[in-house]
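Student: I've got this model open and I'm a bit lost. Could you take one part, go through it closely with me, and then show me what surrounds it?

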Amino acid sequence: MLSLIILLPLLGAIATGLSGNARLTKQIAVSVAGLELVLTMFAVSMFNADVGDFQLVEHYAWIPSLNIEFFVGIDGISVLFLPMSALLTLMAIVASWNSIQHLGRFHFALLLALEGVTMGLFSALDMMLFFFFWELTLPPLFFLIGLWGIGPERCNAATKYILFMLFAGVPLLFAIILLAVNHATETGVSIPEGLSFNLPVLLKTPLPGNLQEIVFLLLLLGFAVKAPLAPFHTWLPTAAMEGPAHTTALLTGLKLGVYGIIRFTMPLAPSAAVEYSWVLGILGAVTLIYSALIALQQTNLRRLLAYAGVSHVGLVIIGIASLNMQGIQGAIFQLLNFTLIAGSLMLIAGFIQQRLGSTEALHLGGLAQVSPRLTGFYFLFMLASMGIPGTNGFPAELLLIIGALLAHPSLGITALAGAVLNAAYMLTFTRRAFLGPVTQSGVNRMQDLRPREWALLCIPAVLILALGFFPNNLLKVNRLSAELWLSRLLDQPALQSDEIAGLSVVP
Amino acid sequence: MDALVVLIPLLPFVAAALIGIGHFSAFLTGEAYENTTADIAGGAIILSCMMALTLVGADLLGFNTGTFSVGQWLGSDTLNIRVNFITTGFSVRLAALFTVLLLIVSRFSINYMHREAGYHRFFFILSLFSSAMLFLVLSGNAVGTFVGWEIAGLCSYLLIGYSYHRPVAGHNATRVFITNRIGDAGFIVGIGLSYAWVDTVNWSQLNVAATELTSGEATGIALCFTVAAFAKSAQLPFTPWLARAMEGPTPSSAVFYGAVMVHAGVYLVCLLQPIFEQSLLARIVLAVAGLSTAIYSVIVGLTQSDVKSSLTFATSGQLGLMFLACGLGFWQLAAWHLCAHAVVRGFQLLTAPSLMHNVQAIPVKPVSPSIAGLRWAYIASLQRFWLDEITDWGLVKPVNCVAHDLSYFDDNIVDRLIGIPAPALSTLSALAQREEKRIGARLDNDIDEFAHGSGVAGKLTEWAAAVTHWFEDRFVLRGIGKDSIDFGRRLGYAANKFESLILRPRYLVLFVCITLLVAF
């Protein structure tokens, strides 16, 4: 099932690449993405939430000499990322329906390839396989930003993105190798045979204390760049300004880096993770406030959204660092929200860019009068990103903030300060761009949403409201996995005292 | 009879959803459909008013059990948030009063808003607000109350920005919402503390457990909710937002800032009476802030020259008196005052547009001679004690300045240190490179034919040569030259600049805040 989910978009990519005319290409791309969405929903329905462990597991030998396997599976943490990514890709494809004027075949093939690789990332349980997919996300994104970007510096932005990610890959690979070698030493088998990249096996292998710290910091560094956490976040605003909007929607919507922190960094080096959770918490708090303050100064919607995304990542990291059920469940919830909220907001920015050629506040103003529907959708997504009750942002932020307050009051207060700033930068920009009189002549001629765009935005809007009213359905899915995740960190024999480095751990 | 309580907030919500979807899908637009919209909104509020009155009757006859729970809304670990309602006591009576007031205002707006461009939008927001406000009053747990609290605040934002093409409307709406957001943060901390210390978010359980709390814990919870209540009920230092909020249409001013929403803060304090009784400090805060707001409002109210702003300050003054009553322990008095004030102020604000006609012949009564001579008081009153300016100077401007500095720091320092910044003068340098290539010059080309070996030894030599060349180039030639002196000078200049920047008050305050947070 999972390998089908990974392979289908890749095959679809080849099919679109080989197809003859532009119209057929789009049709193939949309149908493949739609089919993929159905498949991932089917996988979710097959998923049993009463089991905390990995499910739908598939196991094939890949490179037997190094014990690298094609090993995929999902648990409560990762299962919902699959349909969300499929949905976002479908939205990106529909959003770029007419905006791609040249090399259409290549473009849709790359989007589908990216989708397949992302699916692989979320389901890979072999560390090497994960790394393989991790690096494979780079080429499609490089071309997507570089070839179809809207800014004058797009090639530069693409290069910058690639260099950042390659830099992040090095510590990651190093940590993976350290873990595999440690497994060989622990089991006492000689190197090529004793190596193991299997995640469930590695989770059971004890890791000596000093090695834990190294592995934790390496993995954290690797994922922090992708997340992005300050000070490694500068690639995102650049990419948001230069890249095409639907690609940026994928970049901001799919938080692979934070997923990596939850999935690998914390459980693989558990005692280091508990010991250094205060570092993680401070890192999250600094990122949250720092980028929220910078967002306050932004005059461009895309750049603002990029910084808002970074700021939200900071909040999620605080949730992870608080090491309690509310924190981790809120973090997973918020990550899933990103796909809907940040992705849709970025697509709206793309629609504005397509119509007016700019998302600079100076060139907008009074959009609410000329395009009420676009404004309506924008308001809904903006309110969701601010965590207003009724939208899915509220339960997630509530859980995150309560988790942070329980772990450490100052973290919680910082998170709340971030929430106030969040409202400030979002509403200030909204006032400049959407309210007020129309000042630019171009804005007067602006067209409201077309039926295609309208239908496209309806799906996330409905989901946002549905999850806001009934958040328990989502929380039920990851409850057991989150409990397992937490117990792996907190119930360690090596962990003697509850009071670790100033963070009181709530059992 | 308990189950009726669900319908009271639900019916206006359904009306809001119908109007919202209908208006958004371009079905309910224009004058032709004004009646449909009015029927939906009015019908819903009439029905929910009848339900509320029935519920009060049932409560008086003793048919109600006290709570009604629909089911779990969110559960994580031991955090269990249910959708539950209070069906007895003050909450139900207040809800009944509010439904009557909301009904009157809705009826008034049907005529008042006739042929306005945003007719359907107005009724969508009004219905949503009714639903939120009733949910706030009836909800049996803190999170439910917060949901109503926040949505009511959002509706207030949307109605202040009702005529959004006017710049001042958008500006005021934003300012009001962000001010209220500070209060919301207090509310959330209150919820978090209740969960941490009492392990519940239900009002009833929280109040029962209040007697077991230490006075420190009770003070903590009470003060958090006090901040929320002060922000919502426009007490000092949050008072200025109320005057800004008068930007909206008159019926909305009446229902939000006269009759219903401003009283939410007092209601919250009344609801938490057992907690406040545990904490002397919190009651002192209530009394002091209430009294000072009352005095402030009277002084400022004297110089207001339009009817809506004088009513604003009268409202905040009366609310101050309610908080004072709460702080002094007269809880019943505060509750009665709340109900009476809601009716009177709602009426006054609804009639505000026609008030000018009614009082045309009556001259304005001058103030008593004893205070008429105080010139400084006149100026202070006219300037509303500079509260807005003080907030701007003390909070808004420093935050913006820090944000500006950080933005510069991010673009020019972090980006350069961590990444490859976009070349600022790329076009120029690209031109220069092109020119360089055209004339065949190799000004900065490290690969020289001379040091271009083959084989292992050759490669080694090449690398060694390159390293030596680089070393000499960087350290020997450039190092001890004009560059190093220049560099030193620039470093000193930067350090000076950094120091002067760091010593600015906003950074000092920022560092103090960070230290406090870390030490906390």
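Predicted model: local features only at pLDDT ≥ 70, side-chain atom pairs only at ≥ 80, totals over all residues.

**A close look at two packed helices**

Tutor: To find the pair, look for residues 256–268 of chain A, which form helix 13, and residues 301–321 of chain A, which form helix 16. Two packed helices are described by the angle between their axes and the distance between the axes. Here the angle is about 20° and the axes are 10 Å apart. Angles under 35 degrees count as roughly parallel, so helix 13 of chain A is roughly parallel to helix 16 of chain A.

Now zoom in on the residues that touch. Helix 13 of chain A brings Val258(A), Ile261(A), Ile262(A) and Met266(A) to the contact, while helix 16 of chain A brings Val313(A), Val316(A) and Ile320(A). What classes do the residues in the contact of helix 13 of chain A with helix 16 of chain A belong to? There are seven nonpolar residues, and no polar or charged ones.

Domain 1 of chain A puts 19 residues into the contact, and domain 2 of chain A puts in 21. On the side of domain 1 of chain A that touches domain 2 of chain A, you'd count 13 nonpolar residues, four polar and two charged.

Next, the partner chain. Where chains A and B meet, 52 residues of chain A are in contact with 46 residues of chain B. The largest share of chain A's side is 13 residues from helix 21 of chain A, residues 409–433. That whole side of chain A divides into 33 nonpolar, 16 polar and three charged residues.

Finally, a word on confidence. The model as a whole scores ipTM 0.90 and pTM 0.88. Chain B averages a pLDDT of 85, with 90% of its residues scoring at least 70. Two stretches to look up in chain B have pLDDT below 50: residues 424–429 and residues 441–453. Leaving aside near neighbours in sequence, residues 424–429 of chain B have one contact in the model, and residues 441–453 of chain B have twelve.

Notes
Residues numbered from 1 in each chain as written. Chains lettered and ligands numbered in written order. Contact = placed C-beta atoms within 7 Å. Nonpolar A, V, L, I, M, F, W, Y, C, P; charged D, E, K, R; others polar. Axes fitted to C-alpha atoms, helices over the stretch in contact; angles between N-to-C directions. Helix = DSSP H or I, 4+ residues; strand = E, 2+ residues; numbered from the N terminus. Parallel < 35°, antiparallel > 145°, perpendicular 65-115°, else oblique. pLDDT = per-residue confidence, 0-100.
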